Amino acid sequence: MAVTGGMDEEADRRRVGLAAVVMLLLGTLGVSTAYGILLLLPLYVQELGGNEANFGVVLSGATVTAVLCIGLLIRYPVALRPHAVVAIAIAVYGIGAAGASLVIGTWTPLVGVGVLLGTAWAVVYTATPMAMSDMVTDEGRAAYFGYLTGTQQVGIGAGPVVARVLVETNLGFRGTFLAAGAICLAAVALTVAVGFLTPDVRAACACDRKGVAPNARSLPFGEAVRRILRSEAVFSLVMILLFACLFTSMIQFQTTFAGSRGLDYAVFYVTYTVAVIFSRFVLAGMATRFDARLVVASAVSVMALAVAAFLVVGSSALLYGTASALLGLGYGLALPSVQAQAVNVSEESVRSRVLPMTGLLFQAAILGFPLIAGWVIAALGYAALFAVLVSLVLAQVAIGWWRYSAVRSAASPANSR
């Protein structure tokens, strides 16, 4: 009987753990869908008399606050339970979405809204993996992170498609943004429920009073940064920075680009999202059989071809969809590989610092680069923007193939001996 009781308790714990994971994924889907809906914000800026440069100001307003908030998460990782941080950030994002629905007459008040939206999303993006990490085993962590990022991509891709339908009803832009805020309310409830289903494992960890695990303090921060910058990881960090510039430009300005070409932006978001999900759930498993550096170099080469295709897409929906799919395939495979490579080539003593550094770089570029992209579009047009993006991807291609060749060349003499 005691054995049976123990088995029942174990089964109950597994069911509770699965329920918590599902709740977190549903909450992530909710806020990601709201994020996707707010990708129509540049169209609203245009309706209020602004242009892409003005939208760049709206989006980039959160750069400093987002970096500060992520810095606090790195400095005080256990001050709050991760699911609580995520819930608060989702609530703030919902307030920002609702705030966007109140803006009329001029686009200027959207700058304040952009600060809320950008900061909240940066915290959601950073803290959600922390919440998932507390609920899974070491063996299952990579798989569940894949489920998490896949869920985010589904929401980001579905949001603009849903919004496209809603804005054509009596809701318009303002009602659609308010609907995004309502979705965030549901996402907050789901995320809060995670706390009731899971124990506070961090409270039991061997941490010092400052909330930093002893092994995380084994090396001073400044020395850790210097070692990272002197290692091969610096090339991965540069590539991640370039990934963020590309991603934010393609995602944030896609609605206005499609409008300028007489295309349906839903084609991009659907094909890109499907390709990213396929890449991360199917191609990623197949790619493990090859050298990681070769995978990265090949994937960014596909991205370069895709971005170049946007220069000649014209008004062809077929070419538009093909370029979008190629971009999703390359990006979906390359970014996780580069992130893993950044950790794998780092010393053990600095690995705990590498991922937070990638998060800071990624989010800073996500929020800051639209200021440049918006100015380029307004002053020179979309062809100039894609020319800039092609140059950034070609830099990634050069780094990727150079690192692959350098490592192969270094390995050849050793193999000959």
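Reply: Let's begin with a term: a residue is called buried when its relative accessible area is under 20%, and exposed when that value is over 50%. With that cut-off, buried residues account for 48% of the 417 residues in the chain. Please keep in mind that this is a predicted model.

Now to the part you asked about. The model has four cavities of 30 Å³ or more, and the largest cavity holds about 170 Å³ of space. Its lining is made up of 15 residues. If you want to find the centre of the largest cavity on your screen, look for Tyr35, Leu59, Tyr93, Leu117 and Gln252, the lining residues that lie nearest to it.

Which helices each supply at least two residues of that lining? They are helix H3 (52-60), helix H6 (110-133), helix H10 (233-252) and helix H15 (351-380). H6 gives the largest share of the lining, with four residues.

The wider chain comes next. Its secondary structure consists of 16 helices and zero strands. Among contacts with a separation of 6 or more, 85% are between residues 24 or more positions apart.

Pro160 sits in helix H7 (residues 141-167), and it counts as buried because its relative accessible area is 0%, against a cut-off of under 20%. Setting aside neighbours within four places in sequence, Pro160 is in contact with Gly36, Ile37, Leu39, Leu40, Tyr265 and Tyr269. Take Tyr269 from that list: Pro160 and Tyr269 are 109 residues apart in sequence, yet their C-alpha atoms are 7.2 Å apart in space.

Finally, let's go to the outside. The chain exposes about 18300 Å², and carbon and sulfur atoms supply 68% of that area. On the surface there is a nonpolar patch formed by Leu18, Val22, Leu26, Leu29 and Val154, with about 380 Å² of accessible area together. Helix H1 (residues 2-37) contributes the largest share of this patch, four residues.

Terms used
Residues numbered from 1 in each chain as written. Predicted model: local features only at pLDDT ≥ 70, side-chain atom pairs only at ≥ 80, totals over all residues. Heavy atoms only, no water. Patch = residues over 30% accessible without salt bridge, like charges linked within 9 Å, V, L, I, M, F, W, Y side chains within 5 Å. Areas by Shrake-Rupley, 256 points an atom, 1.4 Å probe, with all protein chains shown as cover. Salt bridge = Lys/Arg side-chain N within 4 Å of Asp/Glu carboxyl O. Buried < 20%, exposed > 50% of the residue type's maximum accessible area, 1.4 Å probe, protein only. Contact = heavy atoms within 4.5 Å. 1 Å grid on protein atoms, 1.4 Å probe; cavity = no way out; pocket = protein on both sides within 12 Å on 5 of 7 lines; lining within 4 Å. Points joined across faces, edges and corners; volume = space filled by probe spheres on them.
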